[in-house]
Amino acid sequence: MTSDDTSEAPAPLDPGAIRAVAFDGYGTLLDWDFREALREALDQQGLSVEDFEAAAKGFEKAWNSVSPWGDRVDDEGKPDRGYMLDGPVPEFITTWEIWRRQFAWVFDDQGLEGDPAAGADHFREVLSHAPAYPGTREVLDALDGAGYRLALLSNADEDFLQSAVSHNRLRFSVIHSSESLRAYKPHRSVFEDTCLRLACEPAEVLYVGDSPQADVMGASNAGLPIAWVRRSEDAELAEDLPRPALAIDTLPELAEALGVPLPSAVAS
């Protein structure tokens, strides 16, 4: 499937063709509340805004201009999709630095005298100790016991990602961060490198993630079947995005789809 025909329906998931399962990190396996973390970062510096939701949306929008693709945006101010998927890999900057730039943008927009680096530090601390969603470790252990190779592929810096993995006692055959790869999802290269490390063809690696753009669009473009995790009731995929082979609300549903039994307490 190419980025020019993203809405085409995928072939049904064939569990027998899957040899490995690769997971996104935050929002898929690891839980964190962006708005809560942003509010805490502001509170720690004694900063208040009249419209917090507007500030939060501004923080998210700022990513378009401060991300590695910030110099390649379309007429709507969003990073060019084709460039993000298959273009030259842009010069790498850490996730921490992206956050620092987003905080600087919000402080300037809101007229606040804040410390962007302190805000980024707080995000790093929160993500370092982000809890796994219920049943995550049990599902991973069950998949490992069933013979699947497991990978973690996250847009994250090594320090806070490895800390969260250790904190939750999660185990993987391969752990790739955007920092270790020097590139971010949804670029094709990060998915291809992960498949290489797993010694599998893309069609043999089921990719599990929650982000419509970074995960669904990126994995599909690289030829991986997708299990899309809907972590909120209003989660939806735009019509021009790929359709996942599987849509789930919880990780135990993934094990069920692959025919992997779980402990009764988790399966229920």
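Predicted model: local features only at pLDDT ≥ 70, side-chain atom pairs only at ≥ 80, totals over all residues.
I started at Asp-159, which comes out partly exposed at 42% relative accessibility.

Next I looked for a charged partner. Asp-159 makes a salt bridge with Arg-124, and the closest N and O atoms sit 3.8 Å apart. I checked where the two ends lie: Asp-159 belongs to helix H7 (residues 158–167) and Arg-124 to helix H5 (residues 116–128), so the pair links distant parts of the chain, 35 residues apart. Arg-124 is partly exposed too, with 27% relative accessibility. I also noted a network here: Asp-24, Lys-185 and Asp-215 are joined into one by salt bridges that share partners.

How many salt bridges does a search of the whole structure find? I got 15.

Then I went to Glu-53. Its salt bridge is with Arg-35, and the closest N and O atoms are 3.0 Å apart.

Last entry: Glu-76 and Lys-78. Their side chains meet in a salt bridge at 4.0 Å, N to O. Is Glu-76 buried or exposed? Glu-76 is exposed, because its relative accessible area of 64% is over the 50% cut-off. Lys-78 has 45%, so I put it down as partly exposed.

Definitions and conventions. Residues numbered from 1 in each chain as written. Heavy atoms only, no water. Buried < 20%, exposed > 50% of the residue type's maximum accessible area, 1.4 Å probe, protein only. Helix = DSSP H or I, 4+ residues; strand = E, 2+ residues; numbered from the N terminus.
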